[in-house]
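The following note sets out several points on the structure for the attention of colleagues. Each point may be checked against the coordinates.

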Amino acid sequence: MGLIECASGASAWRGYDYYREKKVLRIISVGDGVFVATVAGSSTEPYTVTIDVNHPRKSKCNCPHADGKRIVCKHMIAAYFAAFPEKADEFYEDYLQSVKDEEEWEEEVSERLRVYVNSQGKKQLQEIVLELLYDGPDWQYDRFIREHELDEDY
């Protein structure tokens, strides 16, 4: 498992943002897959980051989120992307592809739903609507009642 996979989604995206915003002030290779970086953050002093791409959990950062913990933070991800810019491009391309895949899936499911609804008879559709209203979330039921002015006399 690599650094990105060890990071939370929020840390991965914030790290990508930090990389794009050029917050990695300095990075040097100090060994096989080991890099030391200085990364600007929310503190007045930049953070010192050591990333080990072969052993991600050995990576370190002196930020409050990761200091003394085996956590991959946004500063580590920013340093990783600075060391391997092609991985930053790959990360973003993977994101774009997942958005495209999700949109295609939603269109496909939407079409299946249309076909299904159009294949049902009036009685079946009435039962489905009532089931959705009674078994769904309260806000859905309340909104339906309000929008169809079914609570006027109460």
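1. In which helix is Leu 96 found? Leu 96 is found in helix α4. The model under discussion is a predicted one. With a relative accessible area of 36%, Leu 96 is partly exposed. Together with Tyr 92 and Tyr 95, Leu 96 forms a nonpolar patch on the surface, and the accessible area of these residues together is about 250 Å².

2. Helix α2 comprises residues 9–20, twelve residues in number. At 1.5 Å a residue the helix should span 16 Å, and its end C-alpha atoms are 17 Å apart, which agrees. After α2 comes Lys 22, whose phi is positive, near 60 degrees.

3. Which residues of α2 are buried? They are Ser 11, Ala 12, Gly 15, Tyr 16 and Tyr 18. These residues cover an arc of only 160 degrees around the axis, and therefore lie on the same side of α2. The face turned away from that buried side carries Ala 10 and Arg 20, both of which are exposed.

4. The cover over the buried residues of α2 includes helical and strand elements. Among them are α1 (3–6), α3 (74–83) and α4 (85–119), as well as β1 (24–31) and β2 (34–39).

5. Charged pairs form the next topic. Side chains of opposite charge can pair when their charged atoms come close.

6. Glu 108 counts as partly exposed at 41% relative accessibility, whereas Arg 112, at 53%, counts as exposed.

7. Helix α4 also holds Glu 111 and Arg 114, which are separated by about one helical turn because they are three residues apart. Glu 111 is partly exposed at 41% relative accessibility, and Arg 114 is partly exposed with a relative accessible area of 46%.

8. In helix α6 (residues 138–147), Arg 143 and Glu 147 lie four residues apart, about one turn of the helix. Arg 143 counts as partly exposed, at 41% relative accessibility.

How values were computed
Residues numbered from 1 in each chain as written. Predicted model: local features only at pLDDT ≥ 70, side-chain atom pairs only at ≥ 80, totals over all residues. Heavy atoms only, no water. Helix = DSSP H or I, 4+ residues; strand = E, 2+ residues; numbered from the N terminus. Expected span 1.5 Å × (residues − 1). Buried < 20%, exposed > 50% of the residue type's maximum accessible area, 1.4 Å probe, protein only. Arc of directions from axis to C-beta. Contact = heavy atoms within 4.5 Å. Patch = residues over 30% accessible without salt bridge, like charges linked within 9 Å, V, L, I, M, F, W, Y side chains within 5 Å. Areas by Shrake-Rupley, 256 points an atom, 1.4 Å probe, with all protein chains shown as cover. Salt bridge = Lys/Arg side-chain N within 4 Å of Asp/Glu carboxyl O.
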